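Subject: Structure handover

Hi,

Here is the structure I promised to pass on. Please open it first, then read my notes below.

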Amino acid sequence: MTSDEQFEQLRAQMVRDQLQDRDIHDARLLQVMLEIPRHAFVPPEFRDQAYADGPLPIGDGQTISQPYVVAVMTQELHLLGAERVLEIGTGSGYQTAVLCRLARYVYSIERSAWLAEHAAETLSSLGFDNVDLHIGDGSQGLPDMAPFNAIIVTAAAPSLPGPLCTQLDPHGGRMVIPVGDHRQQTLQRVTREGDQWHVEQVMAVKFVPLRGRYGFTKKDG
Ligand code: SAH
């Protein structure tokens, strides 16, 4: 059994070795990742690995992302605190918790009802209340709640989903999303100014597939 104190030490080590010693410099983000108990989002059998430098299984064939990948994606959103954020792929709810601390309000969509219910329980038990969780196909976004200052997609898409691009705030809305095939993807950062979408490549990543209408469909495997 790992005690709260040991978890705290492991978390500080994670922030130093996996984030600060690489290229994560957003001070608010580092502080938030130092404070959020990542182990609370991991199934009991993997809890002692919660602060390791990799993804972990969370059930339903899905994974909680590697801490460094959570940090890079969040840092690329340049959150200052007043934003309305849309997240696709709630999964464990860990990334959701990080967003809740850095932005004003978070809408998060998860396709698996089982995962969404678990994430809702974890988030509410830790006191996160600036979040609205939805069960459904996130590749279509949430048109009724748009526009969003920031959108984060934590599953891999075959191409940029049109509805998500149009739900970005026309005044500097930004989205991070892995785009590619099943084996490997590139993390892309899309910035909107009016009717212009500017796309930058951030780094190579590997995510589970985004399923659904603007994601991978059954025939893609
Ligand atoms: N950010 C999560 C990552 C979970 S893995 C975490 O760190 O825990 C990606 C998640 O995307 C999975 O839970 C999967 O069920 C979900 N997903 C896949 N396609 C989806 C879709 N179209 N809409 C919503 N969620 C989707």
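Predicted model: local features only at pLDDT ≥ 70, side-chain atom pairs only at ≥ 80, totals over all residues.

Four elements each supply at least two residues of the lining of the largest pocket: strand 2 (62-64), helix 3 (67-76), helix 4 (94-102) and strand 4. Strand 2 gives the most, with three residues. The largest pocket has a volume of about 620 Å³. Its lining counts 36 residues, and the closest to the pocket centre are Gln62, Thr63, Thr154, Ala155 and Val208.

Strand 2 has a partner. Three bridges join strand 1 to strand 2, and the two run antiparallel. One place to look is glycine 59, whose bridge partner in strand 2 is glutamine 62. Most residues other than glycine have a negative phi.

Seven strands make an open sheet in the order 5-4-3-6-7-8-9, with mixed pairing. Its edge strands are strand 5 (131-135) and strand 9 (196-205), and each pairs on one side only. From one strand to the next, the twist averages 15 degrees. Helix 5 (residues 113-125) packs on this sheet. Helix 5 touches strand 4 (105-110) and strand 5, and its direction makes about 165 degrees with that of strand 5.

In general, strands of a sheet pair through backbone hydrogen bonds, either parallel or antiparallel. Both kinds can be seen here. Strand 6 (residues 150-153) and strand 7 (residues 171-180) run parallel, joined by three bridges. Within that pair, isoleucine 152 stands opposite valine 176 in strand 7. Strand 8 (residues 185-193) and strand 9 run antiparallel, joined by nine bridges. Here threonine 191 stands opposite histidine 198 in strand 9. Strand 8 and strand 9 also form a hairpin, with two residues between them. Glycine 194 sits in the turn of that hairpin and has a positive phi of about 60 degrees.

Which peptide bond is cis? A cis peptide bond joins alanine 146 and proline 147, with omega about 5 degrees. Proline 147 lies in the loop between strand 5 and strand 6. For background, most peptide bonds are trans.

Last, the rings. How many aromatic pairs are there? The count comes to four. Ring pairs link Tyr105, Tyr107 and Phe148 into a cluster. Arginine 22 has its charged end over the ring of tyrosine 68, 5.0 Å from the ring centre. Arginine 38 has its charged end over the ring of tyrosine 94, also 5.0 Å from the ring centre.

Best wishes

How values were computed: Residues numbered from 1 in each chain as written. Heavy atoms only, no water. Phe/Tyr/Trp six-rings, centres within 6.5 Å; stacked < 30°, edge-to-face > 60°. Lys NZ or Arg CZ within 6 Å of the ring centre and 35° of its normal. Pairing = 2+ DSSP bridges. Axes fitted to C-alpha atoms, helices over the stretch in contact; angles between N-to-C directions. Contact = heavy atoms within 4.5 Å. 1 Å grid on protein atoms, 1.4 Å probe; cavity = no way out; pocket = protein on both sides within 12 Å on 5 of 7 lines; lining within 4 Å. Points joined across faces, edges and corners; volume = space filled by probe spheres on them.
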